[in-house]
Amino acid sequence: NNLVPVISHERISGEVHIGGRDAKDIAERLYAIFPEAQILIVIREQQAMIRSIYGQFIKGTGVWSLRDYLDPPVPTRTRFKYGHFHPDDFRYHRLIACYQQLFGPAQVTVLPYELFRARPADFVAQIMAAVGLHAEAAVMAALPYGEQVNPSLSALGIAFKLRLNRLAGQRTPFNPTPLYTGRGSGHTRLLQALAFRVDRRLPATWKRAADEQMKHQIAERVSGYYAESNHLTAKLTGLNLVEWGYEL
């Protein structure tokens with residue numbers, strides 16, 4: 001039917017909350033199974049990405065503050081024994097180079113998430129071109145570009161959900177000692193629904209102030225950290241990352 005089978009999951013690029021340190025193993029296994037595959041890698045400006053994945057961490061079962069998430073409070077010599085975020089996971093040139101070396105540069109397409117937000121039809125068209133397909137204009141226009149999936153909490157909503165997790169979250173490696181231990185995915189969904197309900201009712205001025213504070217805290221930690229990697233990513237992909245707000 002002129003279709004291309006797709007395997008897609010963010011976990012393929014490594015577990016983000018433990019620094020993606022299994023990404024190379026996964027890439028090599030994929031190559032062993034599908035050596036002729038076309039690879040799509042979507043990147044995102046790192047400070048926005050960190051804000052997003054920290055929100056996901058708290059939407060799940062995490063209980064660490066942003067400061068502790070970015071700089072785990074464990075001795076450096078023992079970090080490898082634990083599952084912790086590491087900022088190097090978002091030095092994208094390493095993952096891109098790995099896939100280009102395995103599959104060949106012609107089989108690896110890299111697109112910025114910012115293109116999807118600004119010009120979603122162009123984003124989709126580039127994916128289609130990479131796999132040799134062409135869609136009619138009417139089909140492209142009918143795609144649900146405006147549909148939002150997996151929305152984010154505000155910084156204040158994240159702070160509220162963090163406290164919910166500490167009080168009544170599921171017991172996981174990211175939340176080993178909740179005061180009350182919830183069970184099952186239904187309990188997790190209940191806490192998420194409660195957090196979003198509270199978040200919607202918080203004053204907008206409070207949320208803007210908290211969001212700015214979170215952005216400042218992330219910038220303080222990683223400002224300038226990714227410039228060299230972004231320069232190498234631009235060379236590997238031909239992307240104009242300055243256009244999309246990446247530090248170079």
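Modeller: Take a 1 Å grid over the protein atoms alone: a pocket is an open set of points with protein on both sides within 12 Å along at least five of seven lines, and its lining residues have an atom within 4 Å of a point. Points are joined across faces, edges and corners, and the volume is the space filled by probe spheres set on them. Keep in mind that this is a predicted model, where local features need pLDDT of at least 70 and side-chain atom pairs count only at pLDDT 80 or more, while totals for chains, interfaces and linings use all residues. Residues are numbered from 1 along each chain as its sequence is written, and side-chain values use heavy atoms, with hydrogens and water left out.

Biologist: How much space lies in the second largest pocket, and which residues lie nearest its centre?

Modeller: The second largest pocket holds about 250 Å³. Its lining has 15 residues, with Leu66, Ala155, Ala159, Met214 and Gln217 nearest the centre. Two or more residues of that lining come from each of helix H3 (66-70), H8 and helix H10 (204-222); helices here are DSSP runs (H or I, at least four residues), numbered from the N terminus. H8 gives the largest share, 7 residues.

Biologist: What is that lining like by class?

Modeller: It has 9 nonpolar, 3 polar and 3 charged residues. Ala, Val, Leu, Ile, Met, Phe, Trp, Tyr, Cys and Pro count as nonpolar, Asp, Glu, Lys and Arg as charged, and the others, Gly among them, as polar.

Biologist: On to helices. What describes two packed helices?

Modeller: The angle between their axes and the distance between the axes. Axes are lines fitted to C-alpha atoms, for helices over the stretch in contact, with angles from 0 to 180 degrees between N-to-C directions. Here, helix H1 (residues 23-33) and H4 have axes that come within 10 Å and cross at roughly 20 degrees. H1 and H4 are therefore roughly parallel (an angle under 35 degrees). Their crossing is right-handed, meaning the near helix is turned clockwise from the far one by less than a right angle.

Biologist: Which residues of H1 and H4 make the contact?

Modeller: Contact means heavy atoms within 4.5 Å. From H1 come Ala23, Lys24, Ala27, Glu28, Leu30 and Tyr31, and from H4 Leu95, Cys98, Tyr99, Leu102 and Phe103. They divide into 9 nonpolar, no polar and 2 charged. Leu95 of H4 (residues 92-103) also touches Ser13 and Ile41. Ile41 is 54 residues away along the chain, yet the two C-alpha atoms are 8.9 Å apart.

Biologist: At what angle do H4 and helix H11 (residues 227-237) pack?

Modeller: About 30 degrees, with the axes 8 Å apart. H4 and H11 are therefore roughly parallel too, but this crossing is left-handed (anticlockwise). Tyr92, His93, Ile96, Ala97 and Gln100 of H4 meet Ser229, Leu232, Thr233, Leu236 and Thr237 of H11. That contact has 5 nonpolar, 5 polar and no charged residues.

How values were computed
1 Å grid on protein atoms, 1.4 Å probe; cavity = no way out; pocket = protein on both sides within 12 Å on 5 of 7 lines; lining within 4 Å. Parallel < 35°, antiparallel > 145°, perpendicular 65-115°, else oblique. Lists of a residue's contacts leave out its neighbours within four places in sequence.
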